[in-house]
Amino acid sequence: MSDARSAILAKLRASRDAHPITPPPSDTTVLADKRWAPEERLPRIRRLMEAVHTEFLDATEADWPAVVREFLAREGATTLLYAPGTPDGKTLAAATSPLPPREREGTHAEHGEGEGLSEHDSNPTPDSPSPFPLRGPLPSPGAGEGVHLIPYDRPVETFKEQLFEGIDAGLTSTLGAIAETGSLILWPSAQEPRLLSLVPHIHVALLRADALYDTFWQAMRDNRWAEGMPTNALLVSGPSKTADIEQTLAYGVHGPKRLIVVVIA
Amino acid sequence: MTQPTPPRPSPTRPSKVYFFGTCLVDLFFPDAGMAGMDLLKAQGLTVVFPQGQSCCGQPAYNSGYRADALKVARAQLDLFPGDLPIVVPSGSCAGMMKKHWPHLFHGEPDEAKAVQVSSRVWELTQFLVQVLDVKLEDKGEPVRVTWHASCHAQREMGVVEEPKALLRQLANVELVELKREKECCGFGGTFAVRHPEISAAMVGDKVDDIEQTGAKRVVSGDCGCLLNINGALEGGHKPVQGQHIAQFLKERLHG
Amino acid sequence: MAEHHGTEAPVNFAAASKAALLDPQLRGNFRRAMDGLMTKRAVQFADAKEWHDMRALAASVRLRALSKLPELLEKLEANCTRNGIQVHWASTTDEANAIVLDIMKRVDAKLAVKGKSMVTEEMHLNAFLEEHGIEALEADLGEYIVQLDGTMPSHIIMPAIHLNTKQIAHLFKRKIKEAESIEDAAYLTGLARRILRQKFMNADVGMSGVNAAVAETGTLCLIENEGNGRMCTTVPPVHIAFMGLEKVVETLEDVPPVISLLPRSATGQPITTYVNMITSPRKEGELDGPREIHLVILDNGRSSVYADAELRDTLRCIRCGACMNHCPVYTKVGGHAYEAPYPGPIGKILVPQMEGLAKRGEMPHACTMCNACVEICPVKIPIVEIMGRLRVEAVRPGDAVKDSGAQASKTEAMVWKGWAAMNASPMAYKIATMAMSKLGNAAPTGLPLLKEWTSVRTKPRFASRTLHDLAREKGIPDV
């Protein structure tokens, strides 16, 4: 196969040298000029994303776990997959599941909300098995409406079937959103795995209202993406959709059927 | 190369122009050619029609026979000496001369001459509007017409609004635009005979579009399109008729 | 389907298109769909200055990539390798298929799920894998439909655009056990979702195309709406990505203009639902993603296209398919009539260069040169100029294009010589036009060319006197 490599490269090089191309300069003014006043960005993002069936919830740093929980309960979702090692995951667990893990059952009263958090802190190694059974009983008082938190804390191979068939919703953070196109920036990591935002039927994404960019181009420049791209970076602009059947839009083809953006003021 | 170059602005309104009639006008629509020259003369211009002219070379050029196209194009060069504008009653032939001649003559000994001639080419309606800024007085009966834009006029010469602006100057003419004004009528030179079924389907869609406007006349600036559309209108026994814009304008001005 | 190389028999576009023209359902499906797509695209580019500037930027990005193509491919390879992506080079589709089979055998793969990839259509990969007992399942809904139907995509972005809901419902009913006769896009989509999610879960290998490969970072960018691309590139343990060698861009910042113009031109949406940027396989400590990523870089004639200073502009293409949507010929006959992986205007210039002018000599003639494609191409490919050049190559023996000169005909050359002689001499022209004016209208409609012309039209009528005659009579000065 290295034959193919050298043959291809040699031919390309000879052709290029015989007929060099002088490309016109890349004038990025048109990208730099795409700007919106700070107060226009979020309404624009909402408008564009709502046009493709994204749903928005308003929240604060203090109440977003409750907002998420109430939403899911209202929609009849009973299982929420989340990233236990991320700050948001910890907040969620702390707020939603003050009930300590089973081995500490009965000691609930002695522990504040931070206990759930410390439990997860004690289990940061992604490959170690979770103390939570996937569809375990876990009657958490905070989620009295019946939303079970399921940490994504083990390799996908160990629970693929449950991931595909036993989970209603997945919660992820975002790096922000893009005003031009109405897109969320997702930056999966070891702590926040890639499939969280893809396999569950509902994708709940947290968006900080101060992390808004004008363009994709601006976001990658401001944050120097080129210096270190993650395994997988994503822009997500709505729930999964298709128009492959007679150009009729249908949502929820392969990925999430619904995308819920929780805007944290 | 793909963008039509804006015509060289005529610094002053010339008193004299050349007319390049084109082979299709010569053989099939000579009255349109005469009308074009009359419109120019009515503006006080002297029109020169070099009798040695024939064809811009496009048929061979688009069929892959560039040497034959070059031979024919070259035969036109010496007929248009000096700096006078060359007015052409066809967007397609004008496009060939303006856009493709420089490419065709590239590397040839007479390249500079060809480029000089090419740079003086104007499509008729473009010249009437942009250079002469004509004002038309309509003396005709009320009539509804539609406009067929030729592909090369639009996309090689950048002529989109000029002919419609001229038609809109006519008080008794109601212009109803086609739903798919920009879509090709299916002529395409040799395409019409190489792929007659597809060409027929294309002109069929065009005829439907024309009929839906309820117009009595379909006016166009290109005789290839007119041959195609008129042939199909007639073949389908439709009451609509196609006419070259020069002839239509001349008729309106004379009542 | 198994035949994927070597045949030089000409493909008869005229015959295939005739069949398409006789199918009113098909014509209606295309007319409606293309009208809608053109309207939606126009809305996206309502701001003429933005369109002009974005287009200039995207064209410059593509040209810059082509200007450094060998270096950028080496850089891409180095950065991908550093990131853990294994890079493979294939000169031909046979080599590319062999590379895939090798990987499949090594991991003992039985099922591959595929996101959209035009390169694998060039390779006839599905048929090849099937011959080797491996199921390759198309997961893009349109591609899935087409695969169920046993046909080819009719559009590079909307593969099943030739079918309407009713036809797809019938197809599902025929091919899928649990399908009910419900002619509803939401129902059919839901059914496909249930079936395909099982496949994603169980697939051994995921395959995808690449919309842009970034040399600077070794990142593969894929855009899509459905999520099947993300499934294919994230769920199975092995991901194989395919790219034509022209798909590289220099820097990450070159991606936004391309990613912006592609969906806006293709379907009139401001952005696709997902922009998926893949830079490495699963890293230590990560919980999902493929453990192996392979990037197959395919030539398949592209380096020959690159060799010609004029023809190489073909390689700017970002595969948005807008040229198809705007092509009056494509709109009439649909994608299948071309019998090629790439139909429409880009197909008419790309496929003859890949497969040769003996087999594909008619393709560049299936065009009225109306320039509608050129007007909307987001990277300013001079499609019609290339079309004209290929018409030259078809009749001029040489080595610029595979099988240059294959369509050369002594009779045709004679006809044009005669035409040139007539038009290059004022005297000959005068005699010839006089003859036509006097005798042309007597020509019987059965004559070649006139016969084709009069299939739906009346005969063109020669005027009794030419413009030359009239001008002379009216005293129009000659100089």
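Predicted model: local features only at pLDDT ≥ 70, side-chain atom pairs only at ≥ 80, totals over all residues.
1. A residue counts as buried when its relative accessible area is under 20%, as exposed when that area is over 50%, and as partly exposed in between. C:Glu71, for its part, counts as partly exposed because its relative accessibility is 32%.

2. The interface to which that pair belongs can be described by its totals. In chain A, 76 residues are in contact with 99 residues of chain C, and the area buried between chain A and chain C is about 7,600 Å², of which 60% comes from carbon and sulfur atoms. Nine salt bridges are counted between chain A and chain C, another named pair being A:Arg5 with C:Glu77, whose closest N and O atoms are 2.6 Å apart. Across the interface of chain A and chain C, 47 residue pairs are found in polar contact, with both residues at pLDDT 80 or more.

3. Which elements give two or more residues to the side of chain A that touches chain C? They are α1 (2-18), α2 (29-32), α7 (160-165), α8 (216-222), β9 (232-236) and β10 (241-242) of chain A. The largest share, nine residues, comes from α1(A). Sorted by kind, the residues on the side of chain A that touches chain C divide into 38 nonpolar, 19 polar and 19 charged.

4. Over all chains, a search of the whole structure finds 70 salt bridges. Among them, B:Arg155 pairs with C:Glu375, the closest N and O atoms being 2.9 Å apart, and this pair crosses from helix α8 (residues 151-155) of chain B to helix α18 of chain C. B:Arg155 has a relative accessible area of 7% and is therefore buried, whereas C:Glu375, at 29% relative accessibility, counts as partly exposed. Within chain A, the side chains of A:Asp153 and A:Arg154 meet in a salt bridge at 3.2 Å from N to O, and both A:Asp153 and A:Arg154 are buried. A network of salt bridges links B:Arg180, B:Glu183, B:Asp205, C:Arg27, C:Arg31, C:Asp35 and C:Lys332.

5. Helix α3 (residues 48-67) of chain C has 20 residues and reaches 28 Å from its first C-alpha to its last, which is close to the 28 Å expected at 1.5 Å a residue. This helix, α3(C), is mostly covered, since 15 of its 20 residues are buried. At the start of α3(C), a side-chain oxygen of C:Asp47 reaches to within 3.1 Å of the backbone nitrogen of C:Lys49.

6. Two backbone angles in chain C deserve a look in the model. Most residues other than glycine have a negative phi. C:Arg319 has a positive phi, near 60°, and is found in the loop between α13 (302-307) and α14 (322-326) of chain C. Phi of C:Lys380 is also positive, near 55°, and C:Lys380 lies in the loop between α18 (372-376) and α19 (383-395) of chain C. Is each of these residues buried or partly exposed? C:Arg319 counts as buried because its relative accessibility is 10%, while C:Lys380, at 26% relative accessibility, counts as partly exposed.

Notes:
Residues numbered from 1 in each chain as written. Chains lettered and ligands numbered in written order. Heavy atoms only, no water. Helix = DSSP H or I, 4+ residues; strand = E, 2+ residues; numbered from the N terminus. Expected span 1.5 Å × (residues − 1). Buried < 20%, exposed > 50% of the residue type's maximum accessible area, 1.4 Å probe, protein only. Polar contact = N/O pair within 3.5 Å; in protein donor to acceptor, adjacent residues only side chain to side chain. Contact = heavy atoms within 4.5 Å. Buried area = accessible area lost by both parts, 1.4 Å probe. Salt bridge = Lys/Arg side-chain N within 4 Å of Asp/Glu carboxyl O. Nonpolar A, V, L, I, M, F, W, Y, C, P; charged D, E, K, R; others polar.
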